[in-house]
Amino acid sequence: MKLISRILLTLLLLGTAAIAALYWMGTREDAGPAAPAVAGDPAQQIERGRYLASAGNCMACHTAQGGKAYAGGTPVPTPFGTLYGPNITPDTQTGIGEWSAADFWNALHNGKSRDGTLLYPAFPYTEYTRISRADADALYAYLRTVEPVRQPSLAPELRFPYDQRVLLAAWRALYFRPGVHEDDPGQSAQWNRGRYLTQGPGHCAACHAPRNGLGATVDGASLSGGLIPMLEWYAPPLNGDAASGLGNWSAQDIAALLRTGMSAHSTASGPMAEVVQGSTQHLTEADALAIGTYLKSLPAASPAPRAGATAPGATAPGAMELGGKLYGQHCAQCHQASGEGSGEAWPPLAGNPTVTAPSAANAIRMVLEGGFAPATASNPRPHGMPPFGQILNDNDTALLVSYIRNSWGNAAGGVTPLEVKRAREAASGY
């Protein structure tokens, strides 16, 4: 049914693309509001841009492993094929050296390249559109200072019909409206700063919101969590859900995780560990706390049911007994028999959102692959968890994860061996 729905949606887009293109491609939005003057030395604007590039984690998509900074080439896998982060160094032939500040603003705000070409939304202009003109100009000023690299950007490798860029006109007509962040006068300056960073430069909804069959985020403002396409890691809710979100966290707890990779409730892992290491650890204390303040204000949202999962509380007593034995053998030494953990090095499993999330993907992969908390300035040599994928088979892993998801007050539902098998395949790249 999903395939049929996707085909029907594609046909609908094909039928409407020509009409939409007359509007989206036949016109060019203006350059937006004139950039306000930046007080002080131009060096301050460049430093502001450097900070924003870090907060937005621009290096992650625009710097290939082992490559030159911002020279592009990073693969971005999607359900429709692979795109590659482009070269955004100031090289005049292969980068953005010929771009003006207005061109750069147009890309962030309107999702259009310098020549008016529509950009694929793997570049999160759907969130970056909220970035202010002053901050866009600061980013532009900073990128003008990085080393120019002569390296052509790689073309997208998308399946038909998604390789037909004209379809983006219809996609945009359905799912994109440009708009700049505006402060809510009924909220504090701290709350408004947190919302701006979360919804704009931080583009948190790109991972922490579900997506529909055409890759558009669904109700991104609620940050209700979602499985990250192709990576098969689950980005948990960032709202007030007490079971799987941040309902039991304080704003200070959230700020600590962003800056150190650790908190009293959980440790950053998987893609979030990379975000902390490359981006959020560099946030100022004030900005990290502002994000925490904003996220604490989001009400809980009902997550979508997890297909194929055992209902909470439905794990058989025999399975819990077997899972408990595996836990005592492999996990209790660090995480304690009570699931309370041992300080921040060995986080608690009781109430841990990685454990209690609607999807068990992260808990399964941590058991299979192990991992380290991100290395940060405040925690340069983090403790690690060894992998157990070579020791435990799919059935044992399912029993163990089911046990931790339904013990010490957790009631997140069981896990099947098939889910473990799929996680192994995702981890191996198949």
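Visitor: Leaving aside neighbours within four places in sequence, which residues is Phe 104 in contact with?
Guide: Phe 104 is in contact with Ile 96, Trp 99, Ala 136, Leu 139, Tyr 140 and Leu 143. Contact here means heavy atoms within 4.5 Å. This is a predicted model, in which local features need pLDDT of at least 70 and side-chain atom pairs count only at pLDDT 80 or more, while totals for chains, interfaces and linings use all residues. Residues are numbered from 1 along each chain as its sequence is written, and side-chain values use heavy atoms, with hydrogens and water left out.

Visitor: What makes a set of residues a nonpolar core?
Guide: The members must be buried Ala, Val, Leu, Ile, Met, Phe, Trp, Tyr and Cys residues joined through side-chain atoms within 4.5 Å. Buried means under 20% relative accessible area, exposed over 50%, and partly exposed in between, with a 1.4 Å probe and protein chains only. The largest such core has 49 residues, of which Tyr 70, Phe 104, Leu 143, Leu 283 and Leu 295 touch the most other members. Helix 6 (133–143) is among the elements that give two or more residues to this core, and its six residues form the largest share. Helices are DSSP runs (H or I, at least four residues), numbered from the N terminus.

Visitor: Why is this core said to lie between domain 1 (24–174) and domain 2 (189–297)?
Guide: Both domains give residues to the core, so it lies between them. The domain bounds come from an automatic or database domain assignment. A second, separate core has 23 residues, including Leu 349, Ile 364, Val 367 and Leu 368.

Visitor: Why does His 208 count as buried?
Guide: Its relative accessibility is 11%, and the cut-off is under 20%, so His 208 qualifies. His 208 lies in helix 9, and its contacts beyond four places in sequence include Leu 223, Ser 224 and Leu 238.

Visitor: Which residues does UniProt list for "binding site"?
Guide: The unreviewed UniProt entry lists Cys 204, Cys 207 and His 208; such annotations may be inferred rather than shown by experiment. Cys 204 is placed in the loop between helix 8 and helix 9. Beyond four places in sequence, Cys 204 touches Thr 198, Leu 223 and Leu 238.

Visitor: What makes helix 10 mostly covered?
Guide: Seven of its 10 residues are buried, among them Ile 254, Leu 257 and Leu 258. What covers the buried residues of helix 10 includes helix 11 (270–278) and helix 12. Helix 10 is followed by Gly 261, whose phi is positive, near 85°.
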